[in-house]
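Here is a short report on a helical packing problem and a ligand shell. Start with the view below, then read on.

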Amino acid sequence: MTEFNIAEMRKFAGLSDGDAALLAGMKPMLEKHGPAMVASFYSNLDQHAHLRNLLDAKPGRREILGKHLLAWLLSLASGSYDTTYLEQRYVIGQRHVEVGLDPRWVIGAMSYCRGQVAPMVEAEYGGAADQSQRVLALNKVMDLDLNIMLQSYDDKRMDMFLETTGFSKSLFESMIASAGAD
Ligand code: HEM
């Protein structure tokens with residue numbers, strides 16, 4: 001794994017301990033609304049034939065993925081965003097590379113999730129003084145997830161390229177550096 005210091009990235013993004021506590025407190029909200037969100041997530045994907053085909057490429061995949069997605073959603077509220085959390089997210093990104101899914105679909109899907117959680121907060125905490133802080137905390141943790149998943153995309157794709165070509169990582173990096181030089 002490329003150096004990815006999750007504590008550093010959390011600090012950089014401003015995902016504070018207060019945010020972590022707010023997130024942990026929203027687990028019941030995610031448990032309550034999560035199943036409906038998972039159903040709507042896959043309805044959104046189903047509008048695109050190639051995504052639908054990917055979901056149906058193996059018998060039972062869709063059902064298993066629904067469980068994975070719900071578990072993912074609930075773990076946003078784990079309240080603990082440490083190296084274990086990092087490793088779990090990293091694997092998710094790698095898996096999407098393995099199934100041939102371009103990152104733009106994951107980024108779009110994360111946007112979709114943001115659009116789903118904001119109304120949940122409105123339903124459960126509408127009018128509360130910390131309502132917007134709760135939405136912001138959810139957005140920060142989703143950004144953290146996206147950050148990790150995109151890093152794993154980058155690493156995995158590079159590993160696949162190096163394996164296929166036999167290039168060393170340092171040769172590849174010096175080629176990129178010289179291509180980017182003025
Ligand atoms: C917010 C965005 C997304 C999240 C959080 C997410 C979450 C996950 C998780 C937790 C897994 C299981 C990883 C593992 O095996 O350890 C997974 C696998 C997978 N996801 Fe996603 N996903 C997202 C977007 C998408 C999109 C847009 C598609 C498009 C069809 C997709 C299709 C798949 C497929 C095909 C697998 C592999 C299933 C298998 O191993 O049989 N995902 N995803």
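A residue counts as near a molecule if its C-beta atom, placed from the backbone, lies within 6 Å of that molecule. The model is predicted.

**Ligand shell.** Which residues come nearest to the ligand? Of the 21 residues around the ligand, these are Leu 51, His 68, Arg 95, Trp 105 and Ala 109. Four helices, α4 (49-55), α5 (61-75), α6 and α7 (103-125), each supply at least two residues of the shell. By type, the shell divides into 16 nonpolar, two polar and three charged residues.

**Overall build.** The protein has nine helices and zero strands. From the N terminus on, the elements run α-α-α-α-α-α-α-α-α. The C-alpha atoms fill a box of roughly 55 × 40 × 30 Å, taken along the principal axes. Of the 182 residues, 18% are buried. Among contacts with a separation of 6 or more, 82% link residues 24 or more positions apart.

| Pair | Angle | Axis distance |
|---|---|---|
| α6 and α8 | about 50° | 7 Å |
| α7 and α8 | about 165° | 10 Å |

Take α6 (residues 83-98) and α8 (residues 131-165) to begin with. Their angle is about 50°. The two helices are therefore oblique to each other. The crossing of α6 and α8 is right-handed. On the α6 side, the contact includes Leu 86, Arg 89, Tyr 90 and Val 97. On the α8 side, Asp 145, Ile 148, Lys 156 and Arg 157 are among the partners. The residues of this α6 contact with α8 divide into eight nonpolar, three polar and four charged.

Now α7 and α8. Why do they count as roughly antiparallel? Angles over 145 degrees fall in that class, and α7 and α8 pack at about 165°. The two helices are therefore roughly antiparallel to each other. Their crossing is right-handed. From α7, the contact residues include Pro 103, Val 106, Ile 107, Met 110 and Tyr 125. From α8, they include Gln 131, Arg 134, Leu 138, Met 142 and Leu 146. The residues of the α7 contact with α8 divide into 16 nonpolar, two polar and two charged.

Met 149, Leu 150 and Tyr 153 of α8 meet α6. Met 149, Leu 150 and Tyr 153 also take part in the contact with α7. Both α6 and α7 also supply residues to the ligand shell.

Technical notes:
Residues numbered from 1 in each chain as written. Predicted model: local features only at pLDDT ≥ 70, side-chain atom pairs only at ≥ 80, totals over all residues. Axes fitted to C-alpha atoms, helices over the stretch in contact; angles between N-to-C directions. Parallel < 35°, antiparallel > 145°, perpendicular 65-115°, else oblique. Left-handed = near helix turned anticlockwise from the far one by under 90°. Contact = placed C-beta atoms within 7 Å. Nonpolar A, V, L, I, M, F, W, Y, C, P; charged D, E, K, R; others polar. Buried ≥ 20, exposed ≤ 12 C-beta atoms within 10 Å, placed from the backbone.
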